[in-house]
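Thanks for coming. Please have a look at the sequence and the model, and then I will go through a few parts of it.

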Amino acid sequence: MIPYTWIEQASERIHPYIHKTPLTYDAGHQIYLKWENHQATGSFKARGALNKILALQDWKIMQGLVTASAGNHGQGVALAAKLRQASVTIFASNHALPNKVRAMQALGAKVHLVEGGYGEAEKAGIEYARESRATWVSPYNDGMIIAGQGTLAIEILQEHLDPSPLTWLVPAGGGGLVSGIGCVLQMQQPATNLVAVQSVASPFLYEIYHHNTQKGVDELPSLADGLAGPVEEGSVTIPIVKNVVTDFILVTEAEIRDAINYAWNTYHERIEGSGAASLAAVLSQKVSSRPALVVITGGNIEPDDFTKIIYESGSVRME
């Protein structure tokens, strides 16, 4: 578990640099929606990256920063690196979405594209950091990253004053966000049901949670690119997730598309596939407990993908 004091310290550390994102209530589905697509860099990932990098000693900064990312974590690292005037190198899959690659580069990062999926990019990044003696900034396998992500739960609890118990639904890839949220809930609301959600197309953490292994998992292309890829062996998130998560479910690509459509048609919110996973679990009735808290983790969807999804659904309001 991550000490609760770390998360409190993270809240103070990153407060000047992040946005307090909207929390709205959907009466039709009896869910609260936390819109982290309004966060700095368009994703919750800025929280963990800022906490980690702002706390680094100067000599660690001077060595340069290295990470691997599908795009959102990389943007958070690049943003924090600019604040610390640090160089940053990011390893990404050659299948990474072009808009996310461009966004990382626009923030000053040097991006290396690696053949294969996220797992290959992460391995290449770890090896590069080791050989160059640069500072490795894991997207999830790091207590300071997890503490930064946990600040989202503190913010929600400060906003949501209704004493009714909620079921929390959180998208999960490497498990950093759901671990940080779970650590807060165990301290503040230990009876809370915390449900992790991942895509059927890349169920690595799901398999670890339910079957204690990710060996033999087949990875398919997914709209939820930020949730894809294997989990680093021995990651600190694995025991935390097993301890704090009460259930772990999967959603399909069709269900993710429906959630993207719903967010646009109902709230005029543009969200990405990874960010839509928790909402997909509600709309598909895979989680029936109400009221529920749905974390929308990001909005950095590839414009062409978004346009295709909306037009195919017959929803053509694109203003």
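Which residue in β9 does serine 199 stand opposite? Serine 199 stands opposite valine 251. Before going on, the model is predicted, so local features need pLDDT of at least 70 and side-chain atom pairs count only at pLDDT 80 or more, while totals for chains, interfaces and linings use all residues. Residues are numbered from 1 along each chain as its sequence is written, and side-chain values use heavy atoms, with hydrogens and water left out.

Now the sheet. Strands β8 and β9 run parallel and are joined by five bridges. Here strands (E, at least two residues) and helices (H or I, at least four) are DSSP runs, numbered from the N terminus, and two strands pair if DSSP finds at least two bridges between them. The open sheet has six strands in the order β1-β2-β10-β7-β8-β9, with mixed pairing. Its edge strands are β1 and β9, and each pairs on one side only.

Helix α9 lies across β8 and β9, at about 145° to β9. For that angle, axes are lines fitted to C-alpha atoms, for helices over the stretch in contact (heavy atoms within 4.5 Å), and angles run from 0 to 180 degrees between N-to-C directions.

The structure holds six aromatic pairs. One of them is tyrosine 209 with phenylalanine 248, a tilted pair at 5.6 Å centre to centre and 50° between the planes. Rings of Phe, Tyr and Trp (its six-membered ring) pair if their centres lie within 6.5 Å; planes under 30 degrees apart count as stacked, over 60 as edge-to-face and the rest as tilted. This pair links distant parts of the chain, since tyrosine 209 is in α9 and phenylalanine 248 is in β9, 39 residues apart. Tyrosine 209 and phenylalanine 248 are buried, meaning under 20% relative accessible area, with exposed over 50% and partly exposed in between (1.4 Å probe, protein chains only).

Next, helix α12. Why is α12 described as largely enclosed by the rest of the structure? Ten of its eleven residues are buried, so the helix is largely enclosed. The buried residues of α12 pack against β2, β7, β8, β9, α11 and β10. After α12 comes glutamine 285, with a positive phi near 65°.

Last, strand β3. Strand β3 pairs with β4 in the parallel sense over four bridges, and with β6 in the parallel sense over two.
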